[in-house]
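These notebook entries record what I looked up in one structure, entry by entry. Each entry takes up one topic.

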Amino acid sequence: MTLDFYSPEQELFLPLFKEKQIRVFVKRDDLIHPFISGNKWRKLKYALIDAKRNGQDTIVTFGGAWSNHLLATACAGATFGFETFGFVRGDRVSNPVLAMCKLYGMELEFVSRTEYKHKENLFLQRFEHSNKTLFIDEGGYGPQGMKGCSEIIAELKQNYDHIFCAAGTGTTLAGLAKGIADHQLDGTLLHGIPVLKGGEFIEEEMKNLNAPISQLILHTAYHFGGYAKTSPELFHFIQEFVSKTGIMIEPVYTGKLFYALQDLVQKDTFLADEKILILHTGGLTGFLGMYEQFV
Ligand SMILES: *Cc1c(COP(=O)(O)O)cnc(C)c1O
C-alpha cells in the first residue's frame with residue numbers, strides 16, 4: 001500500500017521575517033492530497049497498513065460535521081479498498097464535507113452529543129460481531145497516528161531551531177516530539193499552538209502517548225475563544241496571508257498557527273539567523289465551513 005506524495009519545505013519570503021533577520025520555511029503537508037488532508041494521512045497510514053494485514057475490510061470512525069478526519073478516512077477508504085462508516089456528532093445536517101464523505105462511499109450516522117461521548121459503546125453496539133472492523137478514534141488520535149507523524153522529521157532537508165505545529169488532539173505534535181527525540185535534534189524547540197481553549201491538556205495527551213515533552217513549548221493564548229471560534233482579526237490575517245503567499249490557510253487550525261507565528265515574531269521571540277519550520281497540516285474543510293466570511 002503506497003501513496004507517494006510531495007511535501008517540500010518551502011521558504012516564506014515576507015517582509016517581517018526579513019526585518020527580524022530570521023528564515024521561515026513551510027513544510028507543505030497540505031500538498032499531500034486534496035482531501036486526505038496533511039496530517040490526517042500520516043495519522044491513518046499505520047492503522048490502514050495493520051488493517052490490511054489483519055484482513056479487516058471496514059473502518060469505523062468519529063467526528064463533527066465539518067471533520068477533516070471523517071473526510072480523510074472516507075477518501076482513504078475508497079483509495080485503499082475499505083468500507084467506511086462515520087459516526088457524526090450532533091443533529092442531522094448537510095454540508096459540503098459530509099456530502100464529500102458520502103461521495104467517497106462513507107456511511108454516516110448522526111448521534112446525539114451524549115451518545116457520542118461513549119464512542120466505544122457506539123462501536124460495540126453496531127459492530128460487536130465483526131472482527132473485520134477497525135475502530136479509529138476521533139481525529140486519528142493514538143500511537144499509530146503518532147508514529148506516522150514522527151516520519152515528518154526524517155523527511156526534513158535541514159535542521160531547524162524551532163518547529164511549529166497546530167494541535168487539536170496533540171497526535172501530530174506527539175509525533176514531531178518523538179521524531180525530534182529519535183533523531184537527537186537537541187537544538188530544536190517544538191512549539192505547539194492548541195486551537196482549543198485550555199490547551200494545556202495537550203501536554204497530558206502527549207504524555208499518554210509516551211511522547212517526550214522536554215523540548216516542547218505550548219502557546220495556549222491563540223485559540224481565539226475556542227475550537228472553530230474566530231475573530232475579524234483572524235479573518236483579516238488569513239485574507240492577507242493567502243493573497244500574499246498563494247498558500248491556502250483556514251480559520252480552524254492553520255490560520256491560528258500562522259497568526260501565532262507572526263505574533264511571536266513581532267514580539268521578538270527569536271534570535272537573528274534562526275531557522276523556523278512551520279508545519280502546514282492542510283485542512284480545506286475549515287475554509288468551506290466559513291467561506292461566507294470571505295465573500
Ligand atoms: C486535524 C488537524 C489538526 C490537528 O492535529 P492533531 O494531531 O489532532 O493535533 C491540525 N491541522 C489540521 C489542518 C487538521 O485537520
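**Entry 1: Asn95**

I located Asn95 in the loop between strand E4 (83-89) and helix H4 (96-103); helices (H or I, at least four residues) and strands (E, at least two) are DSSP runs, numbered from the N terminus. The model is a predicted one, in which local features need pLDDT of at least 70 and side-chain atom pairs count only at pLDDT 80 or more, while totals for chains, interfaces and linings use all residues. Residues are numbered from 1 along each chain as its sequence is written, and side-chain values use heavy atoms, with hydrogens and water left out.

Is Asn95 buried or exposed? I found Asn95 buried, with a relative accessible area of 10%. I used these classes: buried is under 20% relative accessible area, exposed is over 50%, and partly exposed is in between (1.4 Å probe, protein chains only).

I then looked up the polar contacts of the Asn95 side chain. A polar contact is a pair of N or O atoms within 3.5 Å; within protein, one must be able to donate a hydrogen and the other to accept it, and residues adjacent in sequence count only if both atoms are side-chain atoms. A polar atom of this side chain lies 2.8 Å from the backbone nitrogen of Val97. The side chain of Asn95 also reaches the backbone nitrogen of Leu98, at 2.8 Å. Neighbours within four places in sequence aside, I noted that Asn95 is in contact (heavy atoms within 4.5 Å) with Ala65 and Trp66.

**Entry 2: the ligand site**

How many residues surround the ligand? I counted a residue as near if one of its heavy atoms lies within 4 Å of the molecule. There are 14 such residues around the ligand, and the closest are Lys40, Gly168, Thr169, Thr172 and Thr281.

For Asn68, a polar side-chain atom lies 2.7 Å from an oxygen atom of the ligand. For Gly170, a backbone N or O atom is 2.9 Å from a ligand oxygen. For Asn39, an N or O atom in the side chain is 3.0 Å from an oxygen atom of the ligand.

**Entry 3: Gly175 and the cysteines**

I found Gly175 in helix H8, which spans residues 171-182. Gly175 counts as buried at 0% relative accessibility. Not counting residues up to four places away in sequence, Gly175 touches Met146, Cys149 and Ser150. I also took one C-alpha to C-alpha distance: Gly175 and Thr133 are 25 Å apart in space and 42 residues apart in sequence.

The structure holds zero disulfides, a disulfide being a pair of cysteine sulfur atoms within 2.5 Å. Cys149 is in none, and its nearest cysteine sulfur, that of Cys165, is 7.8 Å away. I found Cys149 buried, with a relative accessible area of 0%. Cys165 likewise counts as buried, at 0% relative accessibility.

**Entry 4: helix H10**

Helix H10 (residues 232-245) has 14 residues and reaches 20 Å from its first C-alpha to its last. This is close to the 20 Å expected at 1.5 Å a residue, the expected span being 1.5 Å times one less than the number of residues.

Which residues of H10 are buried? I listed Leu234, Phe235, Phe237, Ile238 and Phe241. Seen down the axis of H10, these buried residues fall within an arc of 160 degrees, so they line one face of the helix; the arc is that of the directions from the helix axis to the C-beta atoms. They pack against strand E1 (9-12) and helix H11 (254-266). On the other side of H10, I found Pro232, His236, Ser243 and Lys244 exposed. Gly246 follows H10 and has a positive phi, near 75 degrees.

**Entry 5: positive phi outside glycine**

I looked up two residues other than glycine with positive phi. Gln184 has phi near 50 degrees and lies in the loop between helix H8 (171-182) and strand E8 (189-194). Gln184 is exposed, with a relative accessible area of 64%. Asn210 has a phi of about 60 degrees and lies in the loop between helix H9 (201-208) and strand E9 (216-218). Asn210 is exposed, at 70% relative accessible area.
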